[in-house]
Amino acid sequence: MSETASFTIIKASYVATAVNSSQYPAGELTEIAFIGRSNVGKSSLINSLCRYNGLARTSCTPGKTQTINYFCLTGKLPDESRLEFMLVDLPGYGYAKRAQTARANWSKFIEEYWLTSPRLKLVCQLIDLRHPPMESDCNVYRWLVEHGLTVQVVATKADKIPKSRILKHSQEIYKGIDMLNLNPDGRVLSYSIVSGVGRNELLDVIKNILLK
């Protein structure tokens with residue numbers, strides 16, 4: 001992990017909640033979306049990334065978030081200039097107790113966002129580093145890449161396994177989602193909300209997207 005962040009979040013605020021395209025907030029800010037299985041630790045990672053406890057609500061009940069939530073973030077560069085963007089928190093996928101009809105509605109709901117939001121520039125797909133990717137992880141990654149979306153895979157819960165096994169587990173995710181064939185230039189970024197490992201690297205990825 002780099003010692004000094006080249007991009008830091010200095011302000012974060014809730015903007016809107018949407019359940020369909022008519023409720024997407026207006027504006028031209030670049031959108032960075034976060035998606036993952038319902039128990040992957042997405043809300044905790046968002047709070048860690050922004051250093052803002054409670055920005056994204058965490059819950060002990062997987063799959064509770066069923067809406068698209070928008071947050072306006074301001075980041076600061078080393079030269080003191082500011083970059084504003086929209087962080088978009090998407091509902092989790094793949095929760096076992098979700099009924100088939102609910103899963104179908106989720107797919108339609110999320111695909112509408114992915115396909116119709118002109119400001120979406122990056123999707124951060126979160127996958128639990130402790131386990132090989134599940135079928136739903138692989139399906140979502142393939143869909144995103146095949147539809148031309150830029151994806152950064154973030155392996156969460158890096159603090160839950162020994163440091164000596166992080167690379168091995170990251171490689172299992174890389175192979176499991178077929179990144180070599182689907183997106184040869186992609187990489188798996190490991191992240192720990194406890195130690196902060198991966199935070200600066202993820203912020204750099206976001207910064208580079210915003211500066212394009």
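These are my notebook entries on one predicted model.

**Ground rules**

I am reading a predicted model, where local features need pLDDT of at least 70, side-chain atom pairs count only at pLDDT 80 or more, and totals for chains, interfaces and linings use all residues. Residues are numbered from 1 along each chain as its sequence is written, and side-chain values use heavy atoms, with hydrogens and water left out.

**Entry 1: helix H3**

I started with H3, residues 135-146. Helices here are DSSP runs of H or I with at least four residues, strands are runs of E with at least two, and both are numbered from the N terminus. I checked the length of H3. The expected span is 1.5 Å times one less than the number of residues. For the 12 residues of H3 that gives 16 Å, and the end C-alpha atoms are 16 Å apart, so the two agree.

Next I asked which residues of H3 are buried. Buried means under 20% relative accessible area, exposed means over 50%, and partly exposed lies in between (1.4 Å probe, protein chains only). I found Ser136, Asp137, Cys138, Val140, Tyr141, Trp143, Leu144 and Val145 buried in H3. After H3 comes glycine 148, with a positive phi near 80 degrees.

**Entry 2: the cores**

I then looked for nonpolar cores. Such a core is a set of buried Ala, Val, Leu, Ile, Met, Phe, Trp, Tyr and Cys residues joined through side-chain atoms within 4.5 Å. The largest has 37 residues, and Ile68, Leu90, Tyr113, Trp114 and Val153 touch the most other members. H3 gives this core its largest share, six residues. A second, separate core has 30 residues, among them Ile32, Phe85, Leu126 and Tyr191.

I followed up isoleucine 68. Contact means heavy atoms within 4.5 Å.

**Entry 3: cysteines**

How many disulfides does the structure hold? I found zero. A disulfide here is a pair of cysteine sulfur atoms within 2.5 Å.

I looked at cysteine 72, which is in strand S3. Cysteine 72 is buried, because its relative accessible area is 16%. Leaving aside neighbours within four places in sequence, cysteine 72 is in contact with Lys11, Ala12, Ser13, Val15, Leu29, Glu84, Phe85 and Met86. The C-alpha atoms of cysteine 72 and alanine 16 are separated by 9.4 Å, and the two residues are 56 residues apart along the chain. I also checked cysteine 124, which counts as buried at 0% relative accessibility.

**Entry 4: H1 against H6**

I took helix H1 (residues 42-50) and helix H6 (residues 199-210) together. Axes are lines fitted to C-alpha atoms, for helices over the stretch in contact, and angles run from 0 to 180 degrees between N-to-C directions. The axes of H1 and H6 come within 10 Å and cross at roughly 80 degrees. H1 and H6 are therefore roughly perpendicular. That label covers 65 to 115 degrees; under 35 is roughly parallel, over 145 roughly antiparallel, and the rest oblique. Leu45, Ser48, Leu49 and Cys50 of H1 make the contact with Arg199, Leu202, Leu203 and Ile206 of H6.

**Entry 5: loops and a strand**

Glutamate 80 sits in the loop between strand S3 (68-76) and strand S4 (82-89). Phi of glutamate 80 is positive, near 80 degrees, in a residue other than glycine. Glutamate 80 is partly exposed, at 45% relative accessible area. Lysine 157, in the loop between strand S6 (151-156) and helix H4 (166-176), has a positive phi near 65 degrees.

Serine 190 is buried at 17% relative accessible area.
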